[in-house]
Structures are given as C-alpha cells and as structure tokens.
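Here's a walk through a protein model, taken a piece at a time. Keep the 3D view open and follow along.

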Amino acid sequence: MKNKYPAERKSRSTELKGRLRSKDFEGNQEEVREIFKEIAADYDRVNRIISFGQIERWRHRLVSIMDIPEDGIVLDLGCGTGKLTKLVANRIRGGKVVGVDLTPEMIQIARKNLPGEYENVVEFSLGKGEDLVLRSNSFDVVTSAFTLRNVNDLKNVISEMKRIVKPGGKVYSLELAKPTLPGFREIYRFYFNRLLPLIGGVVQGDSKPYRYLADSLKRFPNQKKLKGLYQSAGLVEVHYQEIFGGIAAIHQGTKREN
Ligand SMILES: C[S@@+](CC[C@H](N)C(=O)[O-])C[C@H]1O[C@@H](n2cnc3c(N)ncnc32)[C@H](O)[C@@H]1O
C-alpha cells in the first residue's frame with residue numbers, strides 16, 4: 001500500500017523523540033503492570049468477547065467526537081495494544097500520535113500490530129501517566145481509553161494530561177462507568193462481579209485479571225465524580241456522554257486559553 005504520510009512527518013517524529021526519554025519504573029505499579037503483562041497476548045480477543053464486540057465501536061465513537069486538527073499532535077495515554085492509537089492516526093494528515101503505556105508487553109503488541117504505513121505517524125513509548133516525561137503545552141489532544149481506572153493516582157494523571165495539552169487543546173477519556181438505571185445496574189453488577197471472572201477463567205484460564213477488572217471499577221469514581229475531577233484539575237467546558245445506559249462514558253474537557 002502506498003505510504004500516505006508525507007516526509008515532513010519524519011521531522012516531527014525526530015522532534016518528538018527528543019521529548020520522550022526512557023522512564024524508571026519503580027513504585028507500586030508493579031502489580032498493574034504484572035496483570036497487563038499476563039493478559040497482553042489475549043487482551044484484544046478477550047475484550048471482544050466480554051464486551052460482546054462493543055469495545056471497538058466505543059473507541060470509534062470516541063474518535064468520532066474528538067476535535068483534532070488535521071496536522072495535530074495527539075497523545076494516547078495507556079495505549080495498550082494500540083487500537084485507539086491507530087484510529088486516531090487515521091484522522092490526521094501531517095500530524096503525529098504518540099502512544100504511551102506502562103507495560104512493555106502491551107507496547108510490544110502495539111508495535112507488532114501496526115501496519116508499516118503508520119510508521120511515520122505513530123510512535124510508541126513506555127511511560128506512566130502520573131509522571132509524563134513530555135513537555136508542557138505540547139499536544140493538541142490528549143486521550144485515553146480504559147486507562148484511568150488502572151492508574152495509581154487519578155488526580156495526578158488528569159493534571160498531567162492537562163499540563164501537556166496546549167491552551168485551547170482537549171483532553172478526552174473513554175472509561176467504564178456505572179449504570180444508573182435501577183434493574184439494569186444490578187444485572188450489570190452481577191455480570192461484572194460474578195460472571196466475568198468465570199468467563200475470564202474459561203476463556204483465558206485465569207480469573208485473577210477479571211477479578212482485578214471488577215475491583216478496579218468498584219474503586220473508580222462514577223461519571224459525575226470523574227467530571228468533577230476534570231474540573232478540579234482546571235479543565236473547562238467539561239462534559240460527558242454515557243454509552244449504553246452508563247456502562248461506559250466519554251469525558252472531555254478543554255484547557256483554558258491563556
Ligand atoms: C485496559 S488497557 C487499555 C488499553 C487501550 N487503551 C485500549 O483501548 O484497549 C489499560 C492500559 O493502561 C496501561 N496503564 C495502566 N496504568 C498506567 C499508568 N499509570 N500509566 C500509563 N499506562 C498505564 C496498562 O498497561 C494497559 O495497557
């Protein structure tokens with residue numbers, strides 16, 4: 001296939017590489033990294049099964065509402081196997097998408113999955129959301145999908161997302177949320193807390209990562225509180241839209257112009 005990305009992307013790529021340094025990964029994120037290391041190879045397949053094929057549609061929905069300049073520079077935080085990163089890359093011409101993730105095994109798969117024609121537009125790097133080694137005010141858009149639930153320090157991560165986005169730029173996240181509709185809420189809880197670890201055990205031979213998934217959602221703030229955290233970080237025009245009765249939600253906020 002013809003390379004659709006012009007040569008000028010090369011120079012942007014080199015410029016970005018200068019901003020990204022390798023990180024040291026000490027701290028208590030070892031457990032999260034171990035879980036994603038364990039599930040990396042099966043991550044996409046299992047997600048398709050447990051979300052009844054909806055997960056890709058949700059990522060598409062996120063990308064469809066994203067306000068990205070054609071030549072924009074975008075960060076995909078917690079890029080995992082790079083599904084969202086690639087969708088974002090399809091939206092830009094002359095820009096760059098950087099996928100950052102805590103887990104080397106997820107990044108390895110992202111690199112392996114990436115078709116050659118994206119090489120000049122997508123860059124993957126190890127890093128953690130709590131402490132991004134990226135310049136302030138350097139990205140047009142910062143986005144993440146299903147990452148925030150896993151981070152150690154959510155407030156800090158949102159404030160890092162805001163720090164690196166340019167004034168007027170946007171911060172987005174797609175994350176599992178808490179259904180509000182009585183009845184549906186209980187069914188969903190049953191599915192998530194009881195059935196999912198069983199299905200995970202059968203499909204992947206280990207239920208631990210799926211118990212972790214259920215626990216991480218329990219600890220995570222509901223969609224209204226997450227909106228409040230965006231606002232507390234200083235983002236403006238903050239709002240969210242629920243997906244499928246509140247199973248998931250897309251949040252967005254804007255960094256105030258100077
Ligand atoms: C559930 S996966 C989501 C992957 C991808 N965004 C997607 O749409 O499928 C969460 C990812 O976040 C990464 N992660 C967890 N904590 C992180 C942190 N503090 N900083 C950066 N990445 C993190 C994990 O390694 C994992 O790859």
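Helices (H or I, at least four residues) and strands (E, at least two) are DSSP runs, numbered from the N terminus. Now find strand S7, residues 248-254. One partner is strand S5 (residues 165-176), which pairs with S7 in the antiparallel sense over seven bridges. Within S7, Thr 254 sits opposite Lys 170. Thr 254 is also the bridge partner of Val 236.

Before going further, a word on what you're looking at. This is a predicted model, in which local features need pLDDT of at least 70 and side-chain atom pairs count only at pLDDT 80 or more, while totals for chains, interfaces and linings use all residues. Residue numbers run from 1 along each chain as its sequence is written.

Back to S7. Strand S6 (residues 236-243) runs antiparallel to S7, and six bridges join the two. Look for His 239, which stands opposite Gln 252 in S7. S6 and S7 make a hairpin with four residues between them, and Phe 244 in that turn has a positive phi of about 50 degrees. How much of S7 is buried? Six of its seven residues are, where buried means that 20 or more other C-beta atoms lie within 10 Å of a residue's own (exposed is 12 or fewer, partly exposed is in between, and C-beta atoms are placed from the backbone).

Next, Phe 184, which lies in helix H8 (residues 184-204). Is Phe 184 buried or partly exposed? Phe 184 is partly exposed, because 14 other C-beta atoms lie within 10 Å. Setting aside neighbours within four places in sequence, Phe 184 is in contact with Pro 179 and Gly 245; contact means that the C-beta atoms of two residues, placed from the backbone, lie within 7 Å. Phe 184 and Gly 246 are 62 residues apart in sequence, yet their C-alpha atoms are 9.8 Å apart in space.

Now for helix H6, residues 104-113. The buried residues here are Met 106, Ile 107 and Ala 110. They're on the same side of H6 because they cover an arc of only 95 degrees around the axis, the arc being that of the directions from the helix axis to the C-beta atoms. What covers them includes H2, H5, strand S2 (96-101) and strand S3 (122-126).

Beyond neighbours within four places in sequence, the contacts of Val 142 are Leu 75, Leu 77, Met 161, Ile 164, Val 165 and Val 171.

Finally, zoom out. The protein has ten helices and seven strands, and 38% of its 258 residues count as buried.

Definitions and conventions:
Two strands pair if DSSP finds at least two bridges between them.
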